[in-house]
Amino acid sequence: MNLEQRDSGGAKWGENVKSFLKGRSFPGTIKLSRKDRKPISSSQAGSADAADSEHALPKSRSPSQESLGVSTSSQDVSDSGHLTSPSNPVSTPKGSAATPPPASPSAPSSPVRPSAYRSMSDTRVKKFDKLLGEQVVDLDMLRELAWSGTPSDLRPLCWQLLLGYLPPNRDRREQILARKRREYRDMVPEYYDIANGDRSEEEMGALRQVIVDVPRTAPGVAFFHEAPVQKCLERVLYIWGIRHPASGYVQGINDLVTPFLAALLSQHFDGPMESWDIETLSEESMYAVEADAYWMLCKLLDGIQDHYTNAQPGIQRTVFKLKELVRRIDEPICQHMEAEGLEFLQFSFRWVNCLLLREIPFQLGLRLWDTYLAEGPRMKEFLIYGLAAFLLTWDKELKQMDFQEMVLFLQKLPTAEWDEKDIEMVLSRAYMLRASFNDAQSHLQS
């Protein structure tokens with residue numbers, strides 16, 4: 001494909017996007033622009049947050065293009081057909097499984113400024129409060145609202161409802177919580193607090209693997225390396241593995257517990273995670289958090305357990321579909337990778353295994369999971385589009401690199417300075433990609 005053909009294809013894609021947007025409603029705000037990124041002041045960010053909140057509409061209404069923040073100008077789509085934003089240019093910049101590559105040092109634990117979070121705007125918080133205050137929560141409305149991010153103090157309840165761990169009817173929640181926490185507490189002496197001599201060879205192997213992996217969990221977040229937190233992780237992971245023999249514990253599952261622990265513990269501590277002192281939490285409260293995290297992990301993995309069964313076929317299928325999708329969106333990048341001998345599995349295995357948690361700052365991982373959980377049963381499908389949008393953030397840079405440069409770059413992506421607007425740009429593009437390819441899913445057929 002020559003340059004003229006590519007530019008023509010990009011322009012045509014841009015026209016298709018505008019046509020698709022007409023009269024459509026989708027979560028979040030998608031902004032298309034050719035302008036270069038410029039720093040956004042806190043006052044500008046506040047104004048943007050307020051504007052986004054004002055345009056949040058009920059599911060039954062279909063906003064106009066202007067209300068979604070989408071310009072009708074044809075110049076809002078770049079010549080190459082990529083979505084760009086004034087605040088998020090494309091160019092700026094973790095079983096019987098192979099051990100994932102070392103964690104990317106580019107994903108530190110430094111907190112993102114809460115004031116910059118659109119999901120925490122007063123208008124959105126009021127909508128969440130009203131919805132969650134109902135006797136029976138409308139889960140469809142909650143999914144629509146949570147897709148664009150949940151306020152941190154409401155995240156535990158929202159996630160428990162979205163996962164189906166808690167029922168929509170508030171009168172039943174206390175009883176269910178008490179029962180599930182009691183069930184987990186009974187599992188600890190039955191499965192974990194036993195002498196090693198009473199464990200089978202397989203159970204000893206699983207325990208050794210968990211003990212090895214727990215210290216590797218969330219390497220950029222010091223809180224998860226506190227002794228009580230690591231013991232909590234050890235119990236949760238070991239018990240889950242023993243109770244799910246189809247897969248058992250597999251490397252990578254350890255990272256999937258961390259968002260749940262962080263969200264649940266935020267109910268007991270103020271300020272950023274760096275200031276949390278786990279020693280001040282009562283044993284009873286810690287057991288409640290641990291039990292809830294275990295059951296939430298169960299709910300999550302119920303939908304993606306084939307990621308962790310023998311030979312991890314779910315991950316292999318996802319990587320295959322990712323490659324075919326990227327080929328349809330941007331064939332030159334696939335051709336370049338193939339010419340250089342780079343296989344998608346070499347860099348995207350960890351992306352799928354840890355659901356991108358190791359590729360971005362941890363706090364943004366929580367925001368990412370708001371959308372994951374809001375997708376519900378469609379999370380596996382959405383993940384493919386999310387991975388494609390994430391990879392194509394750096395398509396121009398990758399096309400200029402050789403094999404070694406691409407491997408090093410993709411193992412240490414420049415996401416350390418990302419904020420919520422960057423991750424929302426990826427999610428918005430993923431949403432549009434899914435919508436654009438929804439009626440042409442040959443790339444999703446294994």
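**View 1. Leu356 sits in the loop between α13 and α14, in a predicted model.** Helices here are DSSP runs of H or I with at least four residues, numbered from the N terminus. Phi of Leu356 is near 70 degrees, a positive value in a residue other than glycine. Leu355 belongs to that loop too, between α13 (344–353) and α14, and has a positive phi of about 50 degrees although it isn't a glycine either. Leu355 is buried at a relative accessible area of 1%, and Leu356 counts as buried at 4%. Buried means under 20% relative accessible area, exposed means over 50%, and partly exposed lies in between (1.4 Å probe, protein chains only).

A quick note on conventions: residues are numbered from 1 along each chain as its sequence is written, and side-chain values use heavy atoms, with hydrogens and water left out. As this is a predicted model, local features need pLDDT of at least 70 and side-chain atom pairs count only at pLDDT 80 or more, while totals for chains, interfaces and linings use all residues.

**View 2. The second largest cavity has a volume of about 50 Å³.** A cavity is a set of points, on a 1 Å grid over the protein atoms alone, where a 1.4 Å probe fits but cannot get out; lining residues have an atom within 4 Å of a point. Grid points are joined across faces, edges and corners, and the volume is the space filled by probe spheres set on them. Leu356 is one of the lining residues, which also include Tyr372, Phe382, Gly386 and Ile423. Helices α14, α15 and α18 (420–437) each supply at least two lining residues, and α15 gives the most, with four.

**View 3. Thr393 lies in the loop between α15 (379–391) and α16 (395–398).** With a relative accessible area of 10%, Thr393 is buried. Its side chain reaches the backbone oxygen of Phe390 at 3.1 Å. That's a polar contact: a pair of N or O atoms within 3.5 Å where, within protein, one must be able to donate a hydrogen and the other to accept it, and residues adjacent in sequence count only if both atoms are side-chain atoms.

**View 4. Helix α4 (residues 139–146) has Leu142, Leu145 and Ala146 as its buried residues.** They cover an arc of only 90 degrees around the axis, so they end up on the same side of α4; the arc is that of the directions from the helix axis to the C-beta atoms. The cover over these residues includes α3 (122–132), α5 (155–163) and α14 (362–375). At the start of α4, a side-chain oxygen of Asp138 comes within 3.0 Å of the backbone nitrogen of Asp140.

**View 5. Phe260 is among the residues that touch the most other members of the 119-residue largest nonpolar core.** Phe224, Leu256, Trp369 and Leu398 are the others in that group. Helix α10 (residues 283–302) provides the largest share of this core, twelve residues. Such a core is a set of buried Ala, Val, Leu, Ile, Met, Phe, Trp, Tyr and Cys residues joined through side-chain atoms within 4.5 Å. Leaving out residues up to four places away in sequence, Phe260 touches Trp159, Leu163, Ala293, Met296, Leu297, Leu300, Trp369 and Leu373, where contact means heavy atoms within 4.5 Å.

**View 6. Lys231 has its place in helix α8 (residues 227–243).** Lys231 is partly exposed, at a relative accessible area of 34%. A polar contact of 3.2 Å joins its side chain to that of Tyr192. The C-alpha atoms of Lys231 and Ile211 are separated by 9.2 Å, with the two residues 20 apart along the chain.

Key. 1 Å grid on protein atoms, 1.4 Å probe; cavity = no way out; pocket = protein on both sides within 12 Å on 5 of 7 lines; lining within 4 Å.
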